[in-house]
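Hi everyone, thanks for making the time. Let me put the structure up, and then we can walk through the ligand site together.

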Amino acid sequence: MPESTPQSLWSATLGGEPPRYGVEIKGSSGCDVAIVGAGYTGLWTALTLIDAQPDLRIVVLERSRVGHGASGRNGGWCSALLPISLTRIASRHGRDPAIAWQQAMFATVNMVGQFAASAAFGRFDPQFHSGGTITMAHDVAQEGRLEKSFAEMRSFGFGDDDIRLLSAHESTAYCRADHVIRALVTPHCAALHPLRLVHAIAEAAHRAGVRIAEGVAVHDVAPGHVHTSAGTINADAVVLATEAYTTRLPGRRRDVAPLYSMMIGSEPLTSDQWSSIGLTDRPTFTSATNMVIYGQRSADGRLAFGGRGAPYHFGSRIADGFDTDERVRAHLREAVVRMFPSVAEVAFAYHWGGPLGVPRDWHPHVAFDATTGLASAGGYVGDGVATANLAGRTLADLILRRDTDLTRLPWVGHRSRRWEPEPLRWLGVRLGALAAARADVAESSGGPLAGQRAAAWSRLLATLTNH
Ligand SMILES: Cc1cc2nc3c(=O)[nH]c(=O)nc-3n(C[C@H](O)[C@H](O)[C@H](O)COP(=O)(O)OP(=O)(O)OC[C@H]3O[C@@H](n4cnc5c(N)ncnc54)[C@H](O)[C@@H]3O)c2cc1C
């Protein structure tokens, strides 16, 4: 394939044509639960509900195809990461709720693993492998961030079984990237094939009796009603599981900012290349840069590598044409070669991306109003693979009026303030991306003046992102 052809690695390695899901929706029809969006959030909610109550009439409405959104395009980190720090969660909700949420995330990674194991012999094997995560520091500023994260986890009572700080030498057992001076490892992460996972969930939900309607666009939701391109559906509960695309619904443009994350992917590497890179147990990997980068060694021996930094589009616009960007593609390639010089000659023929839902305070939420029957979950920033499973199970408990440990977690009922109107939103988001990139450059260049510049950019970044 020529280097310039944009295609997702995940769709190229899905292993066959995905099924088409069609449900005839004509005029006015009814169900118990209508779910908007066939990504992880919508499908986990549907599957958990039908498992708990098999006679429920559930319909999942998807404008495009199953897994069209971030769920089919992501980096495949099934991690216990939350987009806000435990310190911030604790300052808002209290220490014990923060710990409970983190522990629920640890358990969620294992629950996704159990589902993946049961789906492994089906049509779509999610290729879940629990190899943990390594975060590497390549300069002193990055090392400082690792030490801070480590100390924070320790201060919340998490021990060696949850997180460890490694020397450069120790880190080579996980990953042999260039210029590593320190690393942080956690076992609470698995690498998986994201598009296979979303199809495996859809298949399980469909088999259990959930009706999935692809090609049906929802125009608006209201208590008891969903207005779609195919007619109006009456439902006791309506779940919005539209993440970044929520901004396209009436009155919701400022609920989240759709920020793009992008990836590149290689053909399978040779065993010599893998010996020089490591990642033998397939830990997902990242560096402690300000601008997020991430990668995984796929089950079939490819490098999938991604990062943020793609432009935010004025007015929170989302369009197919924004899914790739040659400047970002080149930047990602440079970053992966800097990390692993042995891939300098490797072609990264796959390039793709998609929008993340970023709330103004970076705080995800799950919500259900028992009076109106309206529910929603999202705002995971770039940490939605496992989190959407926790959200789906929590939404199911809420809709079934169950009072459980999940429904008492601190993100239930959280409301983020709305983003600023344009042009302030555009200015703030673009400035945030610039600050992250400039801080990284200054940090890696060293020297006293560079240190001051880095600190100034980092302060600006912290102010803009509330971190
Ligand atoms: C490039 C990239 C890399 C990422 N990497 C990771 C990672 O490694 N680990 C991690 O944890 N997270 C990652 N994320 C984030 C993660 O993928 C998402 O948080 C998660 O998939 C969100 O799932 P969702 O079901 O809530 O939303 P989505 O998967 O976006 O699903 C929403 C669905 O709703 C549909 N829809 C929207 N509007 C309507 C409408 N009006 N009517 C009908 N249907 C509608 C869309 O077509 C879409 O299919 C990444 C995201 C991207 C883009």
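Let's begin with this: which polar backbone atom lies 2.9 Å from a nitrogen atom of the ligand? That atom belongs to Gly 75. Before I go on, a word on the source: this is a predicted model, where local features need pLDDT of at least 70 and side-chain atom pairs count only at pLDDT 80 or more, while totals for chains, interfaces and linings use all residues. Residues are numbered from 1 along each chain as its sequence is written, and side-chain values use heavy atoms, leaving out hydrogens and water.

Back to the ligand. A polar side-chain atom of Ser 71 sits 2.5 Å from one of the ligand's oxygen atoms, and a backbone N or O atom of Gly 69 lies 3.4 Å from a ligand oxygen. On its own the ligand exposes 1000 Å², and the protein buries 98% of that (areas by the Shrake-Rupley method with a 1.4 Å probe). The shell takes two or more residues from each of α2 (40-52), β2 (58-62) and β16 (350-358); helices here are DSSP runs of H or I with at least four residues, and strands are runs of E with at least two, numbered from the N terminus. In total 34 residues surround the ligand, and Thr 41, Glu 62, Ser 71, Gly 382 and Val 385 are the closest (a residue counts if one of its heavy atoms lies within 4 Å).

Next, some backbone geometry. Most residues other than glycine have a negative phi, and most peptide bonds are trans. Val 381 is not a glycine, yet has a positive phi of about 55°. You'll find Val 381 in the loop between β18 and α10, and it is buried, with a relative accessible area of 5% (buried means under 20%, exposed over 50%, with a 1.4 Å probe and protein chains only). His 179 also has a positive phi of about 55°, but His 179 counts as exposed, at 60% relative accessibility. Its loop runs between α6 (168-171) and β6 (182-186).

And the peptide bonds? A cis one joins Glu 422 and Pro 423, with omega about 10°. Pro 423 is in the loop between α10 (387-399) and α11 (424-445).

One last stop is Asn 290, in the loop between β13 (284-287) and β14 (293-297). Asn 290 is buried at 17% relative accessible area, and its side chain makes a 3.2 Å polar contact with that of Glu 443 (N or O atoms within 3.5 Å, one able to donate a hydrogen and the other to accept it).
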